[in-house]
Amino acid sequence: MRKEILFTGLIIGSGILSFAADTDTLKLTLPQVVEMAKSNSIASKQATTVKETKYWEWRTFKSNYQPQLSLAGVLPGYTKTYTQVQQPNGTILFQPVHFDNSSLTLNFSQSIAATGGTIFGTTQLQRFSDFDRHNVLYNGIPYGIGYTQPLLQFNSLKWDKTIEPLKYNESKQTFIETQEKISIAVTEYFFDLLLAQVNLNIAELNFTNTQRMLGIAGTKFELGKISKNEILQLQLEVLNAQKAVGTAKRDVEIASLNLRSYTGIEGDHRIKLEMPAVGTQMSVVAEKVLAQAFENRSDAIGFIRRLAEAKRDVAKAKGENGLKASLRANLGFSNAGIHALDVYRNPKSQQSVEVQLSIPVMDWGRSKSRTKTALANEQFTTYAVEQDKQIFEQQIITQVTLFNMMKEQIKLTDAAEDIAAEKYKIASERYVLGNLSITDLSIAFQENDRAKRDYVSSLRDFWGAYYQLRYLSLYDFEKNIKITY
């Protein structure tokens with residue numbers, strides 16, 4: 001609170017109060033800028049698009065386990081041509097044909113994730129019209145049901161049911177992380193502009209003060225109390241202060257443009273940023289951050305997913321080696337007639353069962369090599385995940401330490417600024433009284449400016465470390481709640 005009062009006084013002293021009160025000025029705080037970036041920035045819109053894509057991929061996966069109903073047909077199946085017909089003596093004659101062979105089939109299927117098999121049902125009606133002989137025939141399957149089952153093969157449905165939910169949950173947490181990355185990025189743009197505005201305020205105040213000092217020095221010179229060299233030094237200080245004002249104005253324009261571009265702020269309003277609160281009351285311990293990170297971060301879900309995918313690849317390599325077999329069985333009814341309803345009158349039963357086999361006799365070690373490769377990759381993934389976990393934990397512990405250091409750093413820069421401000425005040429008074437050199441006044445001048453900039457820089461480090469902690473844990477330490485969108 002004391003810092004806000006000091007910087008407000010700085011603004012008043014530099015004549016910027018009227019600018020801040022202008023109706024064309026947009027006053028913004030750090031949380032407001034962060035929310036703008038999360039809502040309007042291109043990065044946010046890209047993240048939302050990726051999130052939507054992952055959602056529809058998830059819906060596609062879910063549909064694989066739902067009943068499927070499809071309608072297929074050939075309407076019409078008209079043909080008029082010459083076709084080859086083999087005669088009883090083995091010769092070929094080309095005979096004219098003119099017919100319509102139309103059909104309509106309704107198919108139903110349901111996958112069984114536990115076994116990898118599929119239950120299916122069908123009903124079919126076929127109509128054949130021979131235009132040359134003027135007759136019509138119907139054929140059809142009133143209803144039929146069957147089952148197909150791969151034997152001793154890799155069950156992709158079972159593994160997808162384990163892995164795909166992990167991938168979807170990982171994508172949801174990735175979206176939240178992307179939003180927090182936006183917070184980190186826009187915080188940098190915020191403090192770029194804030195520091196530029198503070199530099200402008202300092203430059204304008206310094207220009208005013210050096211002009212005032214030059215006026216006092218002019219009076220002293222006329223009285224013979226100071227040398228010409230001191231007048232020249234102050235004139236140089238005035239010129240340097242005026243140049244600093246121009247440079248600071250340029251930096252403000254550049255920083256404002258960068259902030260507008262990233263956050264999507266439209267219009268030609270001037271932006272005036274408010275000094276963020278210190279926020280040193282937040283308590284952060286490594287154990288809590290680690291617990292939240294392993295509960296919330298996509299990386300934590302990714303660790304589990306990567307291990308599951310490695311196990312899946314091993315199962316796939318083993319399932320695609322050796323004997324491959326599949327069972328197909330169906331039963332139902334079929335019939336034929338000269339009328340459509342004849343198909344459904346007293347239909348005849350039909351059944352079929354078949355087992356298809358494929359056994360490699362000689363593959364020159366290909367099957368064994370694929371299995372060994374998958375096992376080696378599984379072991380490598382296990383080691384890689386363990387290493388990534390260690391890096392993940394160390395990154396969080398380091399960031400917690402850095403954040404706590406930044407809290408202490410703010411206290412030090414706060415005290416340093418108070419001392420520098422008091423020292424500058426005393427130096428100014430002593431110079432007016434004539435018992436301080438222009439060199440000592442210039443040193444106090446520079447130290448006061450540096451202390452103000454250091455304070456803004458320490459705020460930048462503090463809030464940068466805070467938003468980095470939010471990103472690493474997906475936890476709001478101000479409100480003590482998980483971050484959700």
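Helices and strands here are DSSP runs, helices of at least four residues and strands of at least two, numbered from the N terminus. By that count, the chain holds 10 helices and 11 strands. The model is predicted. Its radius of gyration is 40 Å, whereas a compact globule of 485 residues would come near 23 Å.

**Overall dimensions and surface**
- The C-alpha trace spans about 140 × 50 × 40 Å along its principal axes.
- Of the 485 residues, 38% count as buried.
- The accessible surface is about 27900 Å², and carbon and sulfur atoms account for 57% of it.
- Take the contacts between residues at least 6 apart in sequence: 77% of them join residues at least 24 apart.

- Gln173 sits in helix H5, which covers residues 156-222.
- Its relative accessible area is 18%, so Gln173 counts as buried, the cut-off being under 20%.
- A polar atom of the Gln173 side chain lies 2.6 Å from the backbone oxygen of Asn296.
- Beyond its neighbours within four places in sequence, Gln173 touches Asn296, Arg297, Ser298, Ile301 and Leu474.

- Leu474 occupies the loop between helix H10 (438-473) and strand S10 (475-476).
- Leu474 is not a glycine, yet its phi is positive, at about 55 degrees.
- Leu474 is buried, because its relative accessible area is 1%.
- Asn480 lies in the loop between S10 and strand S11 (481-482).
- Asn480 is not a glycine either, and its phi is positive at about 55 degrees.
- Asn480 has 45% relative accessibility, so it counts as partly exposed.
- Most residues other than glycine have a negative phi, and most peptide bonds are trans.

**The cis peptide bond**
- Leu75 and Pro76 are joined by a cis peptide bond, with omega about -5 degrees.
- Pro76 falls in the loop between strand S2 (68-74) and strand S3 (78-86).

**Gly337**
- Gly337 belongs to strand S8, residues 324-337.
- Gly337 is buried, because its relative accessible area is 16%.
- Leaving aside neighbours within four places in sequence, Gly337 contacts Leu137, Tyr138 and Asp342.
- From Gly337 to Lys51 the C-alpha to C-alpha distance is 56 Å, and the two are 286 residues apart in sequence.

Terms used:
Residues are numbered from 1 along each chain as its sequence is written. This is a predicted model: local features need pLDDT of at least 70, side-chain atom pairs count only at pLDDT 80 or more; totals for chains, interfaces and linings use all residues. Side-chain values use heavy atoms; hydrogens and water are left out. The radius of gyration is taken over C-alpha atoms; the globule rule is 2.2 Å times the number of residues to the power 0.38. Buried means under 20% relative accessible area, exposed over 50%, partly exposed in between (1.4 Å probe, protein chains only). Contact means heavy atoms within 4.5 Å. Accessible areas come from the Shrake-Rupley method with a 1.4 Å probe; for residues, only the protein chains shown count as cover. A polar contact is a pair of N or O atoms within 3.5 Å; within protein, one must be able to donate a hydrogen and the other to accept it, and residues adjacent in sequence count only if both atoms are side-chain atoms.
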